[in-house]
Amino acid sequence: MSVNVSQEVLYDFKTIEQKWQDKWLSQATYKVSTDSDKEKYYVLEMFPYPSGRIHMGHVRNYSIGDVVARYKRFRGFNVLHPMGWDSFGLPAENAAIKNNTHPARWTYDNIDYMRHQLRQLGLSYDWEREVATCNPKYYKWEQQIFLEMYEKGLVYQKATTVNWCESCHTVLANEQVIEGTCWRCDELVEARNMTGWFFKITDYAEELLDDLDKLGGWPDKVVTMQRNWIGKSTGLQCDFPVADSDEKLSIFTTRPDTIFGVTFMSIAPEHPLLKSLLKDNPREQEIRDFTARIISEKQQQSNVDLTEKEGIATGHYCINPFNGDKIPIFVANFVLMSYGTGAVMAVPAHDQRDFEFAKKYNLAIKPVVIPDGADLSKTDMEEASVLPGILSDSGAFTGTESETAKQQIIDFARSQNIGDAHITYRLRDWGISRQRYWGAPIPMIQCETCGVQPVPVDQLPVTLPEDRESQKSDCAPLHQRSAFYETSCPKCGGKAKRETDTMDTFVESSWYFARYASPRFTDSPLDKEKASHWLPVDQYIGGVEHAILHLLYSRFFTKVLRDLGYLDIDEPFTNLLTQGMVIKDGSKMSKSKGNVVDPNDLITEYGADTTRLFSLFAAPPEKDLEWNAKGVEGCYRFLNRIFRFVQAYSEKIIAGTNVESNNLNSAERELHRKTHQTIKKVTNNIEQNFHFNTAISAVMELFNTLSSLNSDKKKDELGNAVIREAVDSLLVLLCPMVPHFCAELWSTIHAEGAIDDEHWPQWDEEAAKEDELTIVIQVRGKVRSRLQVPADIDDASLEAMALKDENALKFIDGKAIKKIIVVKKKLVNIVV
RNA sequence: GCCCGAAUGGCGGAACUGGUAGACGCAAGGGACUUAAAAUCCCUCGGUCUUAUGGCUGUGCGAGUUCGAUUCUCGCUUCGGGCACCA
């Protein structure tokens, strides 16, 4: 029987993709519920901000997620795979002003368009669970969580120095300041004093740190970044009495072992003690001018550049409680009020900053920790010595090893009631107040008589004010809208004012993954039963740019929701995959560089399947992906070749029965073996590390084997059964990547049953075994010859064969054989 | 400055636990088909020497361990990422 494979037909992806998308939608193929005997699997990709249209980064992220979802379904899991919209945020306001539309209108239009785009990609979401965070039905529950946190003391208001972005007209959290600039618009951030609401994330600092150890399924890199961000330091907090005064200066140090080397004190310009130090101070004006200048410099420069160390003596002294030394107190520009106590004991001999400062102002440098073999006495030091060593000049502690001395000195401070062990974190509380319109209102009320009052839960949601014409742009912040903020006190009924700040949009994304478990639940933020069924997320996928921001906040919220009784897990995301960027011509795609690839164009020209296939094939997910238009064509060619083959061979495939593995000719055995090897390879690639690129190349190899066996002289030896087995397997293996394509071809060769109802193929280890092996023969570690041998050969005969091999003999050249190394099924190395 | 990570053909990338470097794809070159082109199919494809069998060389650089190193150790170089007065 001869079959013609048409050489010219290109498969009609447009019709095929439309057909299957319609089917999946109308039949709600990917809808899930908890009533299933199957084990649950929750795969989630970071939901997008509805900026207008999807970009290649989304395509990549969601293609990866969809492969995981479809693969796990084939493996028999009950897969939750939802999608939604992180739909509050600044761009909506800017766009609304620009286009004279309303942020809500702009946002919902974008959502409609982008949902359409995601459907065009054939992503297998349960669309019935879709959420949009700007919907009052979503943020109502966020407000309720806020209130419950407030009741637990996890929310508080304070006036403090905040990060202000002038271009965004709002405050930013510490995590949102990237190298001194705004995470969203790159504008330089300035310092301002403002009142705002804070989440007490620092209450969870220790647990957030400890539980990092539970995140074995996260990239080490992300765990390390979080660990550094939390920045735990242990040391001594200790009081230094101010000379001729009742006041004390409290310091924190991680080097209590150097406490005998303190030669001065540095305090932050904002330090509260400064006020009393200035009283009756002859140099009051000079000091005031200095601190004012430093504070304003700090505000302008933010934390971009390291400025030179600068300070001024206050004329006051304090007493080192350990040795009675009288030491001068300086105001210094490098001391941060927001870390530790805002005051530092300065040990210039053992701290580089203090060293530079001491050099500049000619202050004493007193070495007290002498590293092994070093001589720090008297000689001019070039830099601070930070190594451990033996204490000298340290009273009763002289001669002690510095690590031991740390604890002894802490113990001593405690016994004298002047200090104790202390832990300090770099992590600060999360400032969530934003002075913008398009965000979730903070449900608090300020009463003239009763003070701050929470909005009663039954009055939620506090919704954003609608405009007279909601089509029109009016993005005035809430503090400019009296109709919004004028209200009455829930306690006394008197005149009161609503909080006019809205919440940081990172609050919405800190719990959306839990809401997906019960997205329409109307009794409380989460249906506990559903949440405990689905959570934690088994596999979370998104960009590494959220390594700290979103992922830290979500971990915090998970712990808070647990403590509020909504969740019974400690960590939200068991496994995390951080995918690389999509780049072109060596750099990130951007409008300014003019190297943007629009997914729409690709879908129109090649279809969703090809687009997905290339974005999975070109690189492993965690690496950056270099976009290559020619590479896309290669993937398209690959799909076309399969399509033509299956069409041409459909009769044979349909006629194929089950493979009888003990009754195969050599061509059949070769294809049968390759099929099972491919199943094994693809399965392992996906299971181990989601390396779809190598999984796809394995399927390409299988197809190459299939088509070459068919084109050459062995053509007539191939029975229908092995062809059918190869094609059936190939289609299921490829289905997670190119679902429409495989569904269509499957339907042409199977009268009944959709590919979605199939099981993942299982490989047969026997069938996958090679019956011949290539053994490498080395002489002195260099490859000299190769042998084809039966797979079951034993080491002794292998060795014998190697010693008889002509090529090997040439290189042995009659020399004495020292040693022969035989590696099973791999090689023989003859050492002469 | 400190802490991570990476470096393999013209390109994207592969290589199990130390055991055939370059799978798969792209590009390039040659051929078949065609009046021609496109499409499709076949062949070649790290460098170098050689008529060829084949030899030598080759995974950023330099050492080391080993019968054997892309893989392990040490020291560099370059690039990328994170943190950056955190006391």
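**Ser-266 and its sheet**

Tutor: Ser-266 belongs to strand β10, which covers residues 264-267. The model is a predicted one. The relative accessibility of Ser-266 is 0%, and because buried means under 20%, Ser-266 counts as buried.

The contacts of Ser-266 come next. Setting aside neighbours within four places in sequence, Ser-266 is in contact with Phe-330, Ala-332, Phe-334, Val-335, Gly-342, Ala-343, Val-344 and Ala-346. Strands β10 and β13 run antiparallel and are joined by 4 bridges. In general, the strands of a sheet pair through backbone hydrogen bonds, in either a parallel or an antiparallel way.

Now the sheet as a whole. It is an open sheet of 4 strands, in the order β11-β12-β10-β13, with mixed pairing. At the edges are β11 (311-319) and β13 (343-346), each of which pairs on one side only. From one strand to the next, the twist averages 30°. Helix α10, residues 352-361, packs on this sheet and touches β10, β11, β12 (326-332) and β13. The direction of α10 makes about 110° with that of β10.

The domain assignment of chain A gives domain 1 as 232-425, domain 2 as 602-768 and domain 3 as 772-831. Between the C-alpha centres of domain 2 and domain 3 the distance is 37 Å.

The largest nonpolar core has 183 residues, of which Trp-430 and Met-737 touch the most other members. Helix α19 (residues 629-655) gives the most to this core, contributing 11 residues. In soluble globular proteins, nonpolar side chains tend to be buried together.

Not counting residues up to four places away in sequence, Met-737 touches Val-67, Arg-612, Leu-613, Leu-616, Ile-686, Phe-692, Ala-695 and Ile-696.

Thr-202 sits in the loop between β7 (190-199) and α6 (205-210), and at 27% relative accessibility Thr-202 counts as partly exposed. Apart from neighbours within four places in sequence, Thr-202 is in contact with Leu-427, Arg-428 and Asp-429. With Asp-429 there is a polar contact between the two side chains, at 2.6 Å.

Note on methods
Residues are numbered from 1 along each chain as its sequence is written. Chains are lettered from A and ligands numbered from 1 in the order in which they are written. This is a predicted model: local features need pLDDT of at least 70, side-chain atom pairs count only at pLDDT 80 or more; totals for chains, interfaces and linings use all residues. Side-chain values use heavy atoms; hydrogens and water are left out. Helices (H or I, at least four residues) and strands (E, at least two) are DSSP runs, numbered from the N terminus. Buried means under 20% relative accessible area, exposed over 50%, partly exposed in between (1.4 Å probe, protein chains only). Contact means heavy atoms within 4.5 Å. Domain bounds come from an automatic or database domain assignment. A nonpolar core is a set of buried Ala, Val, Leu, Ile, Met, Phe, Trp, Tyr and Cys residues joined through side-chain atoms within 4.5 Å. A polar contact is a pair of N or O atoms within 3.5 Å; within protein, one must be able to donate a hydrogen and the other to accept it, and residues adjacent in sequence count only if both atoms are side-chain atoms. Two strands pair if DSSP finds at least two bridges between them. Axes are lines fitted to C-alpha atoms, for helices over the stretch in contact, and angles run from 0 to 180 degrees between N-to-C directions.
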